[in-house]
Amino acid sequence: MPYRLFRYFLKFISYIPFTVLYVISDVLAFVVYHIARYRRKIVRRNLTECFPDKNPTEIRRIEKGFYRFFTDNIVETCKMAHMSPEEMSRRMKFTNIDEVNTLLRNGRSVSLFLGHYGNWEWISSMPLHLCKEAVAAQIYHKLRNKEMDKLMLEMRGRMGATNVEMGQTARFITRRVAAGEVCIVGFIADQSPHWHELHHFLPFLHHDTPVMTGPEKITKHYDFEARYVNVRRVRRGYYEAEFVDMADNPRSMPDFELTGIYYRMLADSINRQPELYLWSHNRFKHARPLSSPDKNA
């Protein structure tokens, strides 16, 4: 589908009221789950392995909840194309943004550690609430489809965020630091590392899981503050995000300790509302059997 048609389609979707969009989402969830059976085996395996203490009935309840949220997330993301800043601010709240703004005004740059949890796309509205002195950036993984990638970049940048392709992260931050600019940089840090980067594993949801260590290295190298973005879904179409202090002085911490803190915090979020995690991703394909009890379950 050409880029212009993609854009017209999103524009059409974005003008549909949320009440109607969620009816569409309910129908879509039924189709995706019962008819297309999209990644059902991966989702079931992930849930069963990550929650060994839950019985089959509980697993199915989380599974169905995930697919309902999965399609909600799709229509909510489409709605971003033309959602007003006022409506976005009403639906995506940041409960302690003043603390982050204080850091930024005092010249302290901040790394934000996020996961594929809740509506991570709506987090891109954060610049609406940040002090103007800061450069707000989000690190993204380039999509293979160039037209879809262009559309997603447009939507993610509508509320003032700067999009930085993952391979350009160090160069972008180095330039900003050299220019004396204060940054706040969001990392979706639970992505699977490439096969040649499988050098560090951490316990995560009953798996010995390979993890990306780049966000920690960047945070420590540039002496950034570290905050975990703790997202809650208040109700359908409404979210709250809290910035949780991860460490007093990340630079002084032993290697990989900050990453371990992040995964423990992410596991706590998932255990609170498990249906909000991206279970359709084959996150544990390179995981190893645990050699010790998993404290992050």
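These are my notebook entries on a few features I looked up in this predicted model.

**Entry: a surface patch**

I noted a nonpolar patch of about 470 Å². Val 23, Val 27, Phe 30, Val 31 and Ile 35 make it. I then picked out Val 31, which sits in helix α2, residues 18–35. Is Val 31 buried, partly exposed or exposed? Its relative accessibility is 34%, so I put Val 31 down as partly exposed. The class follows because partly exposed covers the range between under 20% (buried) and over 50% (exposed).

**Entry: α3 against α4**

Next I checked how two helices pack. Helix α3 spans residues 40–50, and helix α4 spans residues 56–79. At what angle do they pack? I read about 130 degrees, with the axes 10 Å apart. I therefore logged α3 and α4 as oblique to each other. The crossing of α3 past α4 is right-handed.

**Entry: Lys 64**

I stayed on helix α4 and looked up Lys 64, which lies in it. Lys 64 has 39% relative accessibility, so it counts as partly exposed. I also took its C-alpha distance to Tyr 262, which is 27 Å. In sequence, Lys 64 and Tyr 262 are 198 residues apart.

**Entry: Pro 215**

Last, I went to helix α9, residues 214–221, where I found Pro 215. Is Pro 215 buried or exposed? I wrote down buried, because its relative accessibility is 5% and the cut-off for buried is under 20%. From the C-alpha of Pro 215 to that of His 286 I noted 20 Å. Along the chain, Pro 215 and His 286 are 71 residues apart.

Definitions and conventions: Residues numbered from 1 in each chain as written. Predicted model: local features only at pLDDT ≥ 70, side-chain atom pairs only at ≥ 80, totals over all residues. Heavy atoms only, no water. Patch = residues over 30% accessible without salt bridge, like charges linked within 9 Å, V, L, I, M, F, W, Y side chains within 5 Å. Areas by Shrake-Rupley, 256 points an atom, 1.4 Å probe, with all protein chains shown as cover. Salt bridge = Lys/Arg side-chain N within 4 Å of Asp/Glu carboxyl O. Helix = DSSP H or I, 4+ residues; strand = E, 2+ residues; numbered from the N terminus. Buried < 20%, exposed > 50% of the residue type's maximum accessible area, 1.4 Å probe, protein only. Axes fitted to C-alpha atoms, helices over the stretch in contact; angles between N-to-C directions. Parallel < 35°, antiparallel > 145°, perpendicular 65-115°, else oblique. Left-handed = near helix turned anticlockwise from the far one by under 90°.
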